[in-house]
Every structure is written in C-alpha cells, then in structure tokens.
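Hi everyone, thanks for making time.

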Amino acid sequence: MSSTRMSIAAVGLALLPLIQAQQPATSDPGNLPLTTWKCSTAGGCVAQDTSVVLDWGYRWIHTVGGDQSCTTSSGVNTTLCPDEATCAKNCVIEAANYTSAGVTASGGTLTLNQYVQSNGAYSNASPRLYLLGSDGDYVMMQLLGGELSFDVDMSTLPCGENGALYLSEMSATGGRNEYNTGGAKYGSGYCDAQCPVQTWKNGTLNTSNQGYCCNEMDILEANSMANSYTPHPCSATDCDKGGCGFNPYAQGLPNYWAPGGTVDTSKPFTITTQFITNDGTKTGTLTEIRRQYIQNGKVIANAKSSSGLDSITQSWCESSDSSAATFGGLTTMGQALGRGMVLIFSIWNDNSGFMNWLDSGSSGPCSSTAGNPANILAQNPTTHVVFSNIRWGDIGSTFTNPGGSSSSSSSITSKVTSTTTTKATSTTTTKTTTTKATTTTAAGATQTHWGQCGGQGWTGPTACASGTTCQTQNPWYSQCL
C-alpha cells in the first residue's frame, strides 16, 4: 500500500470529522449485516453471522443531550475534549449513516461507492469498513496456512480509483475501554503499515500525536487498469511501508489485468490467495503467498514476473524491496496472519498523487493526471466496487476448481467435489488436487456453487450446479446459492 492511502483522512475531513467521541449515543450502532463463510476441508463452508462496521470517522460526535459538535476542522474541540476522560463525559457518538457513506449490503454482497448523490449533486464518500463478528468484536482471521477467496466487480473503477480489500492487525475490540465503550461496534481502532497519526489512537485521545503502526497484508489494491497485492510487515516501532508488492503490469504484462485482458476487469471474477507455510501447517513459517483467479468457468494462474516468479516469496521480497529483511519479510507477516488480522474494505482516490503509484508509469497504463479526483467526479461519478462471497479457511476449502487448471509453475490446491445421485443414496467424494499447466474452460455451461450466474453485462454461465439456484444479489450480480 502506498502512503497515499492516508489521503483518505484528508478526503474525510472535507466530508465528515475524522475523529470519534468515546461514548455511543445509542445501544444500536446500526451496522449492516453481511454474510460471510468460514470453510474447512472436513465440513465445507458454513455461513457466519457477520456484519460490516463503518470507520468511526464517519459519525456525528456531539455534546450529551445537545447538538454542539465535539469536533472541529482541525481536530477536537479542546474545551469539550481536553483529555479522554472529560471528552467521554461531555460527548457522544451516533450510529453511522451508511447511505450517506455510500455503502449498501445485501446477503453476501457489499457495494462501496466513491461518491453519493443528494439533491442532484455528488459528494465524496470514500468509505472504509471492517468485518465484525456477532460478539461485537472484529473477526480475527487467522490465515497462516490457510486461504481467502472472494468475488469482486471493479468494472466501473477508472484510473485513479482504488478498490481495496486488505488485512490489518487491529485490536479485536477496537481498543474498547472505560472511555471507549463502543469499541469495534463503532469502528474504532484503525491502524495500518503507514503508521497514521490520528486524533484518536486505538479508542483513546492521541495526546502524544503518535502514529499507530500495525502489520498489514494488502490482498487487493486495484482498479480496472492495474492491481497489486503486497505484504507490509512491521517491527515494534515502524513498518515496511513500501512492501514487496506484485503488480502484473510492472512485470511487463500490460494485457494480463485489463478490460478484455487475461483477467477481464470489465466483468466480475473470483480471487483466491493462499498463505503457504514451510511445513504445510497453520503454525509453520510463511514461505509463499500464492494467487489465482477464476472467471467465466476458467482458472487463471497468477501472472509470471520477468524473473520467472508467479508468487510472493522471501527471495522475491528481498530482491524487490530493500526493507524486507529489516522488518522480517514473510516470516513477520506470517506471524501476524497466525495471530489474526481484521478484514477491511475501502474505496478511495488521491488528491495529491492521483494514485500514480498504482496505475501510472511503470505500474500501469494511466497518464499521470488521469487519476485526478476532479476528472473522476466529472467523468465517472457512479464509480463503485462490489465485493461478495467472502470465504476463508483451510487451503483448498474456499473454492471449487471448475475443471480448468492454472498455467503457473507453482500450484494452487483446490477441493474438487463430485456428487453421484441414485434413487436410494447421494454420495459425495472429495479429493485434493494440485492444479498446473494451462488455463482451460470448464466442461459445459454450468456455474459452480458461489459462482456468478447473471447480472448486467454478464456473459458467462447462467445455469447453476446441481443443488444450487441462481439468485439475484443486485442489478450487477447474481450468484449460485
């Protein structure tokens, strides 16, 4: 992740005060339900009672029993909030307005809009959200020796936009304490590898003006023109802010990730990321981060670098990132993944750098000025990203190989399930396979369980595998469930 992600704060200040009082005004934070699935090779995928919570900076903070703002354009009202205890006594925070924040959720589908329209005019939303468990704490995904899969539609994201899904080692409670009783339910406790300096640090007033660093794994930072996935490990005092990212365009493959490309970004697709350990266990040392895509019934292997690598390894990190060894590289990243990290969703653009680090120059085909937010607003005011079908768990448990195989020299392990039905019994046989070689098309025009089966612009399979039906999630996306 580029340090320009912190431009989210600047964007937010123009929209809503990016700080939070510590006491909730209501017992119901009004968060949006979002079904996700936790998977195992033994038990398959089980639906989870999860929701998404908007970052605490998108909420109204005001005096108890009144409507005076406890914040100013430059921070807190120091009269009302000279310290955390006094601020907690004087101020309350309201539940978020997800509509004005540009966020909708339905079933297992989450849509984030960069801009929202009101009275005929668009304003910036740029939401950031976290996955919350039914216990009121963040879901701590333990992905070491495991994998994460999800579907994404970023067809409307032009140059300069960033639809991001990533992990940060935030506190599970959001820093809940006597002055911050709402905690994670109100979206508190954000941190990342850019060590952001915020008015509030992990739920308390940041009177020392310190940055808040934590390990970060960027699963996806992308628009329709370019993408990157990047580990950002940290030490006790600092982080590998640049990281050892993998960007196909930067490896001389301009048509790999593009509208109409190998991964056709004009249509939805599935992303699977695996965190491989040295001994194949969930307690080993992280040695490799593998990636594959599934689209239109095809498995698409990760792009291959100019040096012949098609995954992130320690040697890749040390050759592409001068700071990798300093911060422990994949070993440190793996330790954080083993402890558990919070899943984060965001959409944002960049008023200062125009997202050039992601999609311009050697990183992508966009001009140095194409990502100017003024251009995006004028030309693409409805730009948005759709995340759906979020599944995590054992390696090989979160996706079904549709019959194709990857063109990668390294492999993605998948669970292939076949069902034979007779009059008396239904028998299911599961086997683990390792896929290699070339990208091929699945036999027939039947979509797999969890796969896309319809929506505006969809040209892939519309018939679903036995036992599932095509169900509409939104105008752009229908899914085999």
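Let's start at Cys 195, which counts as buried because its relative accessibility is 12%, and the cut-off for buried is under 20%. Keep in mind that this is a predicted model. Which residue is Cys 195 joined to by a disulfide? Its partner is Cys 213, with an S to S distance of 1.9 Å. Cys 213 is partly exposed, at a relative accessible area of 24%. The torsion about that S-S bond is 115°, and the link is right-handed. Now look at where the two ends sit: Cys 195 is in the loop between strand S16 (162-168) and strand S17 (200-201), while Cys 213 is in the loop between strand S18 (204-205) and strand S19 (216-222), so the pair ties together parts that are 18 residues apart in sequence.

How many disulfides are there in the count? The count comes to eight, and I'll show you two others.

One is formed by Cys 39 and Cys 45, with the sulfur atoms 2.1 Å apart. The torsion there is about 105°, so this disulfide is right-handed. Cys 39 counts as buried at 5% relative accessibility, whereas Cys 45 is partly exposed at 23%.

The other joins Cys 234 to Cys 239, S to S 1.9 Å. With 95° about the S-S bond, this link is right-handed, and both cysteines are buried.

Leaving aside residues up to four places away in sequence, Asp 240 touches His 232, Pro 233, Asp 321, Ser 323, Ala 324 and Phe 327.

In soluble globular proteins, nonpolar side chains tend to be buried together. Here the largest nonpolar core has 72 residues, and Met 141, Leu 148, Phe 150 and Phe 345 have the most contacts inside it. Strand S27 (residues 341-348) gives the most to this core, with six residues. If you zoom in on Met 141, not counting residues up to four places away in sequence, its contacts include Leu 131, Leu 148, Leu 167, Ile 390 and Trp 392. There is also a second, separate core of twelve residues, among them Trp 56, Ile 61, Cys 81 and Cys 91.

How values were computed. Residues are numbered from 1 along each chain as its sequence is written. This is a predicted model: local features need pLDDT of at least 70, side-chain atom pairs count only at pLDDT 80 or more; totals for chains, interfaces and linings use all residues. Side-chain values use heavy atoms; hydrogens and water are left out. Contact means heavy atoms within 4.5 Å. A nonpolar core is a set of buried Ala, Val, Leu, Ile, Met, Phe, Trp, Tyr and Cys residues joined through side-chain atoms within 4.5 Å. Buried means under 20% relative accessible area, exposed over 50%, partly exposed in between (1.4 Å probe, protein chains only). Helices (H or I, at least four residues) and strands (E, at least two) are DSSP runs, numbered from the N terminus. A disulfide is a pair of cysteine sulfur atoms within 2.5 Å.
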